[in-house]
Amino acid sequence: MMPLSMVTQGEVVQVVAVRAGWGLQRRLAEMGLNPGVKVRVMNSQRPGPVVIDVRGSRLALGQGVAHKIMVTQA
Amino acid sequence: MAKKVITLALAGNPNSGKTTVFNNLTGARQHVGNWPGVTVEKKEGHLSYAGYEIKVVDLPGVYSLTAYSQDEVIARDFIVDENPDVVVDIVDASNLERNLYLAVQLLEMGVPLIIALNMMDVAESRGYRIDVNALTEEIGVPVVSMVATRNKGTQELLQTIVEVAKGNIKVTGLRLQYGREVEEELTKLENVISTNSLSQRYPPRWLAVKLLEEDEEIMKRFREL
């Protein structure tokens, strides 16, 4: 298990947990990013946002947010 | 006799095809402005159908109706304050799970809702088969299949809009159960809220849910009482 911010560009991973307050957990779930879902990392160049493909939509997450999302190899 | 007017709001997630449906409905008869006080585009159009004058408002694309962003507040305020006769939630059929979250929020607000299952062609090409009748029964609102990019389903949607506005189709809605502990608190809150003037404007259960969520807008409205 590792934070989403550490995933290499192009990899597909599965979300295990969102280690954040309920406000951020809910916000991410509203956009389809909840535990169990598979995401593909489309961009992880620093500095800059982590861009992921989740359920067919692209989301851009700040490094701080990406650091709170725990994933495993899908 | 003056034409009867129906106010119709189009809601939905970003990229669910709201604007395509809006264009199919209104053609060139539309007006683009801004929502008051903010630089979020407000699109309005109108059409005549079956003796009705239908005013169509394209709401900003949102994932939910919390007070998280300006777009969400605009969409929610319009639905709550302007009381549209019908709300159509444009749902991306190829992405049902995420899209139905907004639908549930609209249902909890008790709005006269129609679900437009858009992008049925994309859903089918991905191998999804959606049982429209079962979905209608499960969530208690009419569901219309559409492929807005090919203008499929527009007539059926219009018919359904008129039937819902007339009251011929009853939108029974949905009452989600949140489990015993949450339900107990909701009941307590509802009892207090129903003696309160805010409950004239919003469903008490919805207010109770929002208070438990610590929704800032709703908490503010209670403080202002």
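1. In this predicted model, 6 bridges join strand S5 (residues 86-92) of chain B to S6(B), and the two run parallel. Strands here are DSSP runs of E of at least two residues and helices are runs of H or I of at least four, numbered from the N terminus; two strands pair if DSSP finds at least two bridges between them. Val91(B) stands opposite Leu117(B) in S6(B). From S5(B) the chain passes through helix H3 (residues 96-108) of chain B to reach S6(B), a right-handed β-α-β crossover. Right-handed is taken to mean that, with the strands pointing away from the viewer, the path from the first strand over the helix to the second runs clockwise.

2. On numbering and confidence: residues are numbered from 1 along each chain as its sequence is written, and chains are lettered from A and ligands numbered from 1 in the order in which they are written. Local features need pLDDT of at least 70 and side-chain atom pairs count only at pLDDT 80 or more, while totals for chains, interfaces and linings use all residues.

3. S6(B) also pairs with strand S7 (residues 143-145) of chain B, through 3 bridges and in parallel. Val143(B) in S7(B) is the bridge partner of Ile115(B).

4. Is S6(B) buried or exposed? In strand S6 (residues 113-118) of chain B, 6 of the 6 residues are buried, so the strand is largely enclosed by the rest of the structure. Buried means 20 or more other C-beta atoms within 10 Å of the residue's own, exposed 12 or fewer, and partly exposed in between, with C-beta atoms placed from the backbone. Leu113(B), Ile115(B) and Leu117(B) point one way, and Ile114(B), Ala116(B) and Asn118(B) the other.

5. The largest nonpolar core has 55 residues, and those with the most contacts inside it are Leu10(B), Val88(B), Ile114(B), Ala116(B) and Ile161(B). Such a core is a set of buried Ala, Val, Leu, Ile, Met, Phe, Trp, Tyr and Cys residues joined through C-beta atoms within 7 Å. Domain 1 (4-166) and domain 2 (180-223) of chain B both contribute residues, so this core lies between them; the bounds come from an automatic or database domain assignment. A second, separate core of 16 residues includes Leu4(A), Val15(A), Leu33(A) and Val50(A).

6. The C-alpha centres of the two domains of chain B lie 26 Å apart. Their contact (C-beta atoms, placed from the backbone, within 7 Å) takes 7 residues from domain 1 of chain B and 7 residues from domain 2 of chain B.

7. Between chains, 8 residues of chain B are in contact with 7 residues of chain A.

Key. Two residues are in contact if their C-beta atoms, placed from the backbone, lie within 7 Å.
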